[in-house]
Amino acid sequence: MKSPSWIRVLIPVIALAGAALARDSAFADASSELPKRERGLWRITTVSPEVGMHTHNVCIAEGDSIIGNQAADCSQPSVKRAGDQVIVTIECGVGDRRNVESLLFTGDFKSWYRAQSKISSGGKRSGFSIDAKFLGGDCSP
C-alpha cells in the first residue's frame, strides 16, 4: 500500500527536526532568535502517530539549528517568545502543496528540551513530539 503524500512529507520533517542539521544561511536572522542547544551529544526521541517512536544520539555542533534545514520553498521561520516558551512557525509550498508547521519549544537547552509540533498539509493534520536530553560534551562513540 502506498503511503499518502502527507505522510511522505512528514517523515523528512521528523528526520530533519530529530537530526538537527545545520540550517541554510538564508535564515540567519531568525536563527539568532531560535533556542540554542549546548554543544555535544544529545539523545533525541521523536514520537509521531505515523512512524512511532525513534531514539537517536546526535552530535550537536556550534551553529546547528534546532529546526534543521528548510526547503527552498519555505518562508523565513516566524519566531515568537511567550515567557519560557518559544513558538516557531514555518510555511512551505503553495496551494495544495502548502505545509504549515508550528513548533512549541520548552526547556533549558543545556540539559533538556521538548518540542511539540503540529503540521497542516493539504487539509490533513498531524504532528510529533521530541524529547531531548544532553548526554555530554564529547561526541565520540
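Two strands pair if DSSP finds at least two bridges between them. The model discussed here is predicted.

Q: Which pattern does the protein follow when read along the sequence?
A: The protein has 2 helices and 7 strands. Read along the sequence, the elements give the pattern α-α-β-β-β-β-β-β-β.

Q: Which strands are the edge strands of the open sheet?
A: The open sheet has 7 strands in the order E2-E1-E7-E6-E5-E4-E3, and the pairing is antiparallel. Neighbouring strands of this sheet are turned by 20 degrees against each other on average, direction ignored. An edge strand pairs on one side only, and the edge strands are E2 and E3 (78-82).

Q: Is Phe-134 buried, partly exposed or exposed?
A: Phe-134 lies in strand E7. Leaving aside neighbours within four places in sequence, Phe-134 is in contact with residues including Gly-40, Leu-41 and Trp-42. Buried means under 20% relative accessible area and exposed over 50%. Because its relative accessibility is 22%, Phe-134 counts as partly exposed.

Q: How many residues apart in sequence are the parts that Arg-39 and Glu-62 tie together?
A: Arg-39 forms a salt bridge with Glu-62, the closest N and O atoms being 3.7 Å apart. Arg-39 lies in the loop between helix H2 (28-31) and E1, whereas Glu-62 lies in the loop between E2 and E3. The pair therefore ties together parts whose separation in sequence, in residues, is 23.

Q: Is Glu-62 buried or exposed?
A: A residue counts as exposed over 50% relative accessible area. The relative accessibility of Glu-62 is 62%, so Glu-62 counts as exposed.

Q: Which residue forms a salt bridge with Arg-114?
A: Side chains of opposite charge can pair when their charged atoms come close. Arg-114 lies in strand E6 and its partner in strand E7, so the pair ties together parts that are 17 residues apart in sequence. Arg-114 is partly exposed, with a relative accessible area of 38%. The closest N and O atoms are 2.5 Å apart, and the partner is Asp-131.

Q: What is the N to O distance in the salt bridge of Arg-98 and Glu-91?
A: Arg-98 is partly exposed, with a relative accessible area of 38%. Glu-91 is also partly exposed, at 33%. Their side chains meet in a salt bridge, with an N to O distance of 2.5 Å.

Notes:
Residues are numbered from 1 along each chain as its sequence is written. This is a predicted model: local features need pLDDT of at least 70, side-chain atom pairs count only at pLDDT 80 or more; totals for chains, interfaces and linings use all residues. Side-chain values use heavy atoms; hydrogens and water are left out. Helices (H or I, at least four residues) and strands (E, at least two) are DSSP runs, numbered from the N terminus. Buried means under 20% relative accessible area, exposed over 50%, partly exposed in between (1.4 Å probe, protein chains only). Contact means heavy atoms within 4.5 Å. Axes are lines fitted to C-alpha atoms, for helices over the stretch in contact, and angles run from 0 to 180 degrees between N-to-C directions. A salt bridge is a side-chain nitrogen of Lys or Arg within 4 Å of a carboxyl oxygen of Asp or Glu.
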